[in-house]
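Let's take a walk through a protein model together. Keep the 3D view open and turn it as you read.

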Amino acid sequence: MIEFFVLLPYIVKLMIGLNYAAAGYMYVAPPLVVIVEMKTDAINMSPFIFISSQVYYSDEFDTVMRYEYGKYLQSAFYTPIVRGVINIVASTWSLLTSGSLTSNNFLLSNIKSKLDILAPPKIIVLGDLKKPFTRSLK
Amino acid sequence: MIEFMINLPTWIKLILGLNLLWTSTFWVMSEPIVIVADTEYGAFNFANIVVLTSEIYDNRDDWRAYVLAHEYTHFIQSALHTPLINGPMYSIFTLYSKYKTGNQWDANPLENQATYWGHRLTFEPKFVLRF
């Protein structure tokens, strides 16, 4: 194991370090929600959760946020890189068994079944990134 | 797993989070900060920090090379086990070694590993502070 650490290229060590830092952050601090203009409802790159401004200002926000908070907790538990790898396995499994990436995905099913308890105690909103720019044009 | 995470007490989340954040510094920096200071101990390691006396650090001999590599190995042990696990693990092995041999090194697997790699690794520190 000592040799393994010494021989790892620095870029890999950096990625592992940032992976630990992200997981550590998720244990001690709330999700960082970034509001952006995009077609998808949300993209989770824990600890950042990118949410479409359309969703943010609608009634869907509560459900989408709970769903993304589930992914946030999974990322804290497994660390983001490991969760990413598990998600590839889960999506492949879902694709092979149901023909869809999400309908039989065990990571996402776990979240869906717990939506009622997945209310983040706090979130940090990093702002509507598009609107201030639009306003300045008016 | 989700219920487990939600039900974790805040103080445990804080300890786990700080441990992971601390561990990240080992990987991002990838080597310890060496402090050259005259202490009553020749050399020791605490997490990201290695303390050496100037007598050891300034003599460019095999002993210096061995001590630096030995302490670097302890740094790597902390990076791999994370400080939260490595600290208590070292303490348990120290007690075991003291019970078995009367000192903290001879039957301590972490010290034996550091001694083994101390003769095989080369480590020239980039971050050196002098006091």
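A word we'll need all the way through is "buried": a residue is buried if its relative accessible area is under 20%, exposed if the value is over 50%, and partly exposed in between, using a 1.4 Å probe and the protein chains only. Before we start, note that this is a predicted model, where local features need pLDDT of at least 70, side-chain atom pairs count only at pLDDT 80 or more, and totals for chains, interfaces and linings use all residues. Residues are numbered from 1 along each chain as its sequence is written, chains are lettered from A and ligands numbered from 1 in the order in which they are written, and side-chain values use heavy atoms, with hydrogens and water left out.

Let's get our bearings in chain A. Helices and strands here are DSSP runs, numbered from the N terminus: a helix is H or I with at least four residues, a strand is E with at least two. By that rule chain A has 7 helices and 4 strands, and from the N terminus on they come in the order α-α-β-β-β-α-α-α-α-β-α. The C-alpha atoms of chain A fill a box of roughly 60 × 40 × 25 Å along the principal axes. Of its 138 residues, 38% count as buried.

Now, what sits in the largest nonpolar core? A nonpolar core is a set of buried Ala, Val, Leu, Ile, Met, Phe, Trp, Tyr and Cys residues joined through side-chain atoms within 4.5 Å. The largest one has 50 residues, and those with the most contacts inside it are A:F5, A:I51, B:W27, B:V34, B:L52, B:Y72 and B:I76. Helix α4(B) gives the largest share of this core, 9 residues. Zoom in on B:I76: leaving aside its neighbours within four places in sequence, B:I76 is in contact (heavy atoms within 4.5 Å) with A:I2, A:F5 and A:V6.

Chain A also has nonpolar side chains on its surface. Residues join a patch if they have over 30% relative accessible area and no salt bridge; like charges are joined within 9 Å, and nonpolar side chains (Val, Leu, Ile, Met, Phe, Trp, Tyr) within 5 Å. Areas come from the Shrake-Rupley method with a 1.4 Å probe, and for residues only the protein chains shown count as cover. Here A:I11, A:M15, A:I81, A:V85, A:V89, A:W93 and A:F106 make a nonpolar patch of about 690 Å². The elements giving two or more residues to it are α2 (10-28) and α5 (80-98) of chain A, with α5(A) supplying the largest share, 4 residues. A:F106 lies in helix α6 (residues 106-112) of chain A and is partly exposed, at 41% relative accessible area.

On to the charges. Side chains of opposite charge can pair when their charged atoms come close. A salt bridge here is a side-chain nitrogen of Lys or Arg within 4 Å of a carboxyl oxygen of Asp or Glu, and the whole structure has 6 of them over all chains. One of these joins A:D62 and A:R66, with the closest N and O atoms 3.1 Å apart. Both residues lie in helix α4 (residues 61-78) of chain A, 4 residues apart, or about one turn of the helix.

Another salt bridge, in chain B, joins B:R64 and B:E124 at 3.1 Å, N to O. This pair links distant parts of the chain, 60 residues apart: B:R64 is in helix α4 of chain B, while B:E124 is in the loop between α6 (109-118) and β4. Is B:R64 buried or exposed? It counts as buried because its relative accessibility is 5%, whereas B:E124 is partly exposed at 45%. Salt bridges that share partners join B:R60, B:R64 and B:E124 into one network.

Finally, look at some backbone angles. Most residues other than glycine have a negative phi, and most peptide bonds are trans. B:S30 has a positive phi, near 60 degrees, and is found in the loop between α2 (10-29) and β1 (33-36) of chain B. B:T82 also has a positive phi, near 75 degrees, in the loop between α4 (62-81) and α5 (83-101) of chain B. In chain A, a cis peptide bond joins A:S46 and A:P47, with omega about 5 degrees.
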